[in-house]
Amino acid sequence: MLRSSLVVLLTLLGRMQPSHPGADIMATYCTVCHGPSLIAQQRLDRTGWTRELDKMLRWGARLPEDQKAPLLDYLALTFQPSRPAGNTARYLPDGAGAEVARTACLSCHDVRVLTQPLRTRDDWTRTVDRMIEWGAPVPAQSTSQLIDYLSAHFSR
Amino acid sequence: MASGAGFLLQAGAGVPSRLIVRSESPADFETPVPLLDRSWITPNELHFVRSHLRTPAVALATWRLTVDGQVERPLSLTLQDLARYRQVEQVVTLECSGNGRAFHDPPVPGIQWEKGAVGTARWSGVRLADVLRSAGVTSSGGHLIADGADTPVSEVPDFVRSIPLEKALHADTILATRMNGDPVPLNHGFPLRLIVPGWEGAASTKWLVHLQVSDREFDGFFMQTAYRIPTRFVAPGSAIGPADTVPYTELQVKSVFTSPLDEAPVRAGSRVELRGFAWAGEADIAQVDVSTDSGRTWSVATLGTDRAPYAWRRWVFPWTPDRSGSYLAMSRATDTRGRTQPTVAAWNPSGYLWNVIDKVRINVEI
């Protein structure tokens, strides 16, 4: 679970800003004391992030002065208020395939995309194939397990 | 992690596999509400976890609970010493102050809890009042400062809270050594947790090692800056000074759906049981009303028979939709003091007090 959540998170972080210098600054100065999801779940504007960063500096974060602006740029751009709440760790019913679905689907979608509207197994097969074409991280040997899982839990 | 002679690290630490990981470290895990649905008592492995600092290692051989400050006889108690006090138990619904924070608009910083930072457990141990009396506390004026074994890094403030002595000396406030019959799991405060029933969860200090009687409320960050609620309504997105806030203590009245799931597909003509839990801090639930038509009409739900003074009540409402459509179902609890759930949240900068009427969308298809 921890590993898969990290995969989802890292996938998200990687997709959002693969080359922003702020991502490295965050990894160097922030996540040495707390986990990355503490940051990634927030939805704050630049004022909000400035307030949080100032608190962390008061609390001993060893961020060099010249790294502050690029870190704030990154945080305010990546973890902004317009993002939907709570979509990095949504609940999925237990079952073989749940872990594949968590990584493959919830890296990009809110879990609600799975529950609405009702789909048949054929619909799920077509949808999964299309998503794989579009880059969903589904290992080849896990495709049928994922379709089985989605059909069992989110079908007519 | 050391695990030799003299050390006892409780099994079950780490990340429970079925909880939503809000933060890996510190350990903050949310219960998916469908998993709360299964029982009145939340199993330990499904109970939400809120930690502010890294989870401490606990060495039982040297573990002591220190009771000092304004007392006649300072105490240093082992678990064996505590076992000699009269044993009691309380079934308590604990809810994190920030449960529902993710729904506040505009968003606020903090752990983005949705609906599952709440759970109910049978806590057993000894009355805090009995321990305080043996230390020679008789007056109920003043405050009790509680500190756990968790320690911060760098300049991060330690997680220390205080409660008024009046609540500390209440017969229902306990020092718990067991949670649902097992030793308190490490994530939940092994080996000793203060349980302050009916109050927001942060009052119930985990990994408790130090109680200090004081004539003043604790002056640190987690009393004077965090865990404070406004004394008046504030404009969403605005700032509010500490002078216009007070410590958050007793929980509000609230209800939550545990079944069906939001966006659940349902067949027209089939019988659906709408159900969930309702709680009200130190008060009792008087009634839960349910609407299946976006709040136009309301019906009274049936309350479950399992009950305890500080525990949630199950509510159940059978419903058979005869026509297809997308229905917005709602639950609204009212307590014995007449408090009821609002339709709109009182926004506040820390994202507390989310207790609006709960809603789930149910999609009925032919």
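## Confidence in chain A

The score in question is pLDDT, the predictor's confidence in each residue, from 0 to 100. Helices here are DSSP runs of H or I with at least four residues, strands are runs of E with at least two, and both are numbered from the N terminus. Over residues 10-19 of chain A the pLDDT is below 50, and this stretch has 12 contacts in the model beyond near neighbours in sequence. A contact means that the C-beta atoms of two residues, placed from the backbone, lie within 7 Å. For chain A as a whole, pLDDT averages 77, and 73% of the residues score at least 70. Where pLDDT is low, the predicted coordinates should not be read in detail.

Residues are numbered from 1 along each chain as its sequence is written, while chains are lettered from A and ligands numbered from 1 in the order in which they are written. Because the model is predicted, local features need pLDDT of at least 70 and side-chain atom pairs count only at pLDDT 80 or more, whereas totals for chains, interfaces and linings use all residues.

## Helix α5 of chain A and its partners

Helix α4 (residues 46-58) of chain A and helix α5 (residues 65-78) of chain A have axes that come within 9 Å and cross at roughly 130°. The axes are lines fitted to C-alpha atoms, for helices over the stretch in contact, and the angles run from 0 to 180 degrees between N-to-C directions. The pair α4(A) and α5(A) is therefore oblique; angles under 35 degrees count as roughly parallel, over 145 as roughly antiparallel, 65 to 115 as roughly perpendicular and the rest as oblique. Their crossing is right-handed, a term for a near helix turned clockwise from the far one by less than a right angle, with anticlockwise giving left-handed. On the α4(A) side, A:Arg46, A:Trp49, A:Thr50 and A:Leu53 meet A:Lys68, A:Leu71, A:Leu72, A:Leu75 and A:Ala76 of α5(A). This contact has six nonpolar, one polar and two charged residues, where Ala, Val, Leu, Ile, Met, Phe, Trp, Tyr, Cys and Pro count as nonpolar, Asp, Glu, Lys and Arg as charged, and the others, Gly among them, as polar.

Helix α2 (residues 21-29) of chain A also packs with α5(A): their axes come within 8 Å and cross at roughly 110°, which means that α2(A) is roughly perpendicular to α5(A). From α2(A), the contact draws on A:Pro21, A:Gly22, A:Ala23, A:Ile25, A:Met26 and A:Tyr29, and from α5(A) on A:Gln67, A:Pro70, A:Leu71, A:Asp73, A:Tyr74 and A:Leu75. By class, there are nine nonpolar, two polar and one charged residues in the contact of α2(A) with α5(A).

## Helices α8 and α9 of chain A

Helix α8 (residues 121-133) of chain A packs against helix α9 (residues 143-153) of chain A at an angle of about 135°, the axes being 9 Å apart. The two are therefore oblique, and α8(A) passes α9(A) in a right-handed crossing. A:Arg121, A:Trp124, A:Thr125 and A:Val128 of α8(A) make the contact with A:Thr143, A:Leu146, A:Ile147, A:Leu150 and A:Ser151 of α9(A). Five nonpolar, three polar and one charged residues take part.

## Domains of chain B

The domain assignment divides chain B into domain 1 (20-247) and domain 2 (254-365); such bounds come from an automatic or database domain assignment. The C-alpha centres of the two domains of chain B lie 27 Å apart, and 30 residues of domain 1 are in contact with 25 residues of domain 2. On the side of domain 1 that touches domain 2, α1 (33-36), β5 (87-95) and β13 (228-230) of chain B each supply at least two residues. β5(B) gives the most, with four residues. That side of domain 1 of chain B comprises 17 nonpolar, 10 polar and three charged residues.

## Backbone features and confidence of chain B

Most residues other than glycine have a negative phi, and most peptide bonds are trans. A cis peptide bond joins B:Ser25 and B:Pro26, with omega about 0°; B:Pro26 is in the loop between β1 (20-23) and β2 (28-30) of chain B. The bond from B:Ser259 to B:Pro260 is also cis, with omega near -5°, and B:Pro260 is in the loop between β15 (254-259) and β16 (264-267) of chain B. B:Ser294 has a positive phi, near 60°.

Chain B averages a pLDDT of 93, and 95% of its residues score at least 70. Residues 1-12 of chain B stay under 50. The model scores ipTM 0.78 and pTM 0.82.
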